[in-house]
Amino acid sequence: MKKRVRGLVVAVIILHIIWWGASLLLNKEILPGPLKVYETFPKLIENQLGWHILVSLRRMAIGMGSALMLGGIVGILMGRFSKVNHFLDPIIYLTYPIPKLALLPMIMLLFGLGELSKILLIILIVFPQVVLSVRDAILQIPKPLYDVYECMNASRWSIFKLVTFPASLGALLSTSRVSLGTAISVLFFTENYGTEYGMGHIIMDAWLRMDYPQMYGAILTLSLVGFLLFSLIDMMGRLLKKG
């Protein structure tokens, strides 16, 4: 743990040195130095930075949570029942490569510019990743393991609780790590439309006003939020392994 913290501190210092050096070499307003950016945080806080963070977190929580829950259920069904897998696999196979961001205009036309369209796009992108990850994890469970529990006359619920669920939970956490960055990117994109709150809005608003220090300050804040969420998922994964 201490080595990990030291590594993170060193990485932050190196990145700040690179950032500071790049700002000196470029010597333009479009890339302010770290100190100038950090000086804008009191102004960002005055402009309801905390509320913008909470709004983005709420959208992320609903979108990611819904995708993980629905994707987990569908993935378990596909992994445990071959007929369900044979029926749904071609549908997911055909729709997975579609660039979901290209569907944003259609989603906004159908569901409006409000919260629902932003959350739906996150669900559409994360859902198939969760389904495939959970299904594949369950399909990799050795069949003799199920046979052992069936010979012991274990109920279906017991088999699910002791065999299927642990495998699916590990896959859910693994997919969450991979999908988190994608979900944040999608959220940033969708928050440029039909809203006055959210980290995506505050970043683009500062960019349009050419307030570059404030723009970079908001980007740093969004990056920190993403890092904390990733660390939380990582910690849950380590606790699961210990358990």
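**View 1. The largest pocket of the predicted model, with a volume of about 500 Å³**. A pocket is here an open set of points on a 1 Å grid over the protein atoms alone, with protein on both sides within 12 Å along at least five of seven lines, and its lining residues have an atom within 4 Å of a point; grid points are joined across faces, edges and corners, and a volume is the space filled by probe spheres set on the points. Of the 14 lining residues, Val-12, His-16, Tyr-38, Leu-220 and Ser-223 are the closest to the centre of the largest pocket. Helix 1 (2–26) and helix 11 each supply at least two residues of this lining, and helix 1 gives the most, with seven; helices are DSSP runs (H or I, at least four residues) numbered from the N terminus. The model is predicted, with local features needing pLDDT of at least 70 and side-chain atom pairs counting only at pLDDT 80 or more, whereas totals for chains, interfaces and linings use all residues. Residues are numbered from 1 along each chain as its sequence is written, and side-chain values use heavy atoms, with hydrogens and water left out.

View 2. Seven residues from domain 1 and seven residues from domain 2 take part in the contact, which means heavy atoms within 4.5 Å. Between them the domains bury about 610 Å², 63% of it on carbon and sulfur atoms, where buried area is the accessible area (1.4 Å probe) that two parts lose on being put together, summed over both. On the domain 1 side, Arg-4, Trp-19 and Ile-30 lose the most area to domain 2, together 54% of what that side buries.

**View 3. The second largest pocket, with a volume of about 300 Å³**. Among its 15 lining residues, Met-64, Gly-65, Leu-68, Ser-176 and Ile-233 lie nearest the centre. Helix 4, helix 9 and helix 11 each give two or more residues to the lining of the second largest pocket, with helix 4 giving the most, six residues.

**View 4. The largest cavity, holding about 50 Å³ of space**. A cavity is a set of grid points where a 1.4 Å probe fits but cannot get out. Its lining includes Ile-53, Ser-56, Met-199 and Val-225, and the largest share of that lining, four residues, comes from helix 4.
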